[in-house]
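The questions below do that.

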Amino acid sequence: MEETVSDYYSRMCIFCAAKQSSVHGPWQARRAFLLAGGALAGEAAIGQVNVGQSSELRKLVPAEELETASRQQYGEMMQEAKSKGALAPANHPQLVRLRSIAQRIIPYTNTWNSRAANWQWEVNLIGSKQINAFCMPGGKIAFYTGILDQLKLTDDETAMVMGHEMAHALREHARARIAKSQGTGALLSIGAQLLGLGQLGDVAANLGTQLLTLKFSRDDESDADLVGLELAARAAYDPQSSVSLWQKMGQASGNNGASFLSTHPSGPQRIAQLQSNVPRVQGLYEAARKR
């Protein structure tokens, strides 16, 4: 995994301390050493979530092609919602809230995927009773009013939903699932050899319509829960709200409009995992609140 924001700051603190020691003599050198040790100890206490490497299968589907397909499908969806009067205007209070939350989280996304620095992030709100939200490859986010209104989500809980969905895109779960759907990558590998990379990209584009119906694996969901938890904590959103969020999700599981829950099932195991990881990011949250 790429260097995290916390790793960066720890490294910079040590560098600054060492620089001071070269200027101010032995006492400052000893002080610098102690400061450096303290920075490392603090970082170890803060910690971060532990997730594995992203699936290597995702590399069988060109990221550029999939992001292009996502951008096109997202644009079509927003246009359709607008034509039906369901697309919230820019001054809609809930949309303003969503975009504000996104702006706080986005600076930390390239920690998990360097491509995210060049994504054209977009957040929209669709008027619908559905309990649903998503983030497509390339940073295209949409929330349905149902998930905000029916679950009465706080800003912290909303940030956990957004962080979770962003994590799916950052960890390229859709890209990997599409590769797996093509005979565990075999078809794509053969296609790459016979047709060339450009035409291989067409496979991803042709599967663009499946992006919102892909069912992620249990591992994908766990991955997104933890990465989303850390993203939100770094943006100063209370990590404990991840637990209350999924408790609300569990209570809404009998709702026929809970499309989100058809692909993101709630359960005691999911909540227990989040509870056990809250302490890992609590320090990040506390530090973020002081900024």
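**Salt bridges and cores, checked against their definitions**

Q: Why does E80 count as partly exposed?
A: E80 has 44% relative accessibility. Buried means under 20% relative accessible area, exposed over 50%, and partly exposed in between (1.4 Å probe, protein chains only). E80 therefore counts as partly exposed.

Q: What is the basis for these values?
A: This is a predicted model, in which local features need pLDDT of at least 70, side-chain atom pairs count only at pLDDT 80 or more, and totals for chains, interfaces and linings use all residues. Residues are numbered from 1 along each chain as its sequence is written, and side-chain values use heavy atoms, with hydrogens and water left out.

Q: Why is the pair K84 and E80 called a salt bridge?
A: The rule asks for a side-chain nitrogen of Lys or Arg within 4 Å of a carboxyl oxygen of Asp or Glu. The closest N and O atoms of K84 and E80 are 3.1 Å apart, so the pair qualifies. By this rule the count comes to 11 salt bridges.

Q: Why is K84 called exposed?
A: Its relative accessibility is 61%, so K84 counts as exposed.

Q: What makes R97 and D155 a salt bridge, and what does the pair tie together?
A: Their closest N and O atoms are 2.7 Å apart. R97 lies in helix 3 (residues 93–105) and D155 in helix 5 (residues 155–170), so the pair ties together parts that are 58 residues apart in sequence. Helices here are DSSP runs (H or I, at least four residues), numbered from the N terminus.

Q: Are R97 and D155 buried, exposed or partly exposed?
A: R97 has 18% relative accessibility, so R97 counts as buried. D155 has a relative accessible area of 37%, so D155 is partly exposed.

Q: How do you know that R171 and D223 link distant parts of the chain?
A: R171 forms a salt bridge with D223, with the closest N and O atoms 2.8 Å apart. R171 sits in the loop between helix 5 and helix 6 (173–181), and D223 in helix 9 (residues 218–234), 52 residues apart. Both R171 and D223 are buried.

Q: What makes E64, E67 and R115 one network?
A: Salt bridges that share partners join them.

Q: Which residues touch the most other members of the largest nonpolar core?
A: Of its 52 residues, I105, W121, F143, I147, M162 and M166 do. A nonpolar core is a set of buried Ala, Val, Leu, Ile, Met, Phe, Trp, Tyr and Cys residues joined through side-chain atoms within 4.5 Å. Helix 5 gives the most to this core, with eight residues.

Note on methods
Helices (H or I, at least four residues) and strands (E, at least two) are DSSP runs, numbered from the N terminus.
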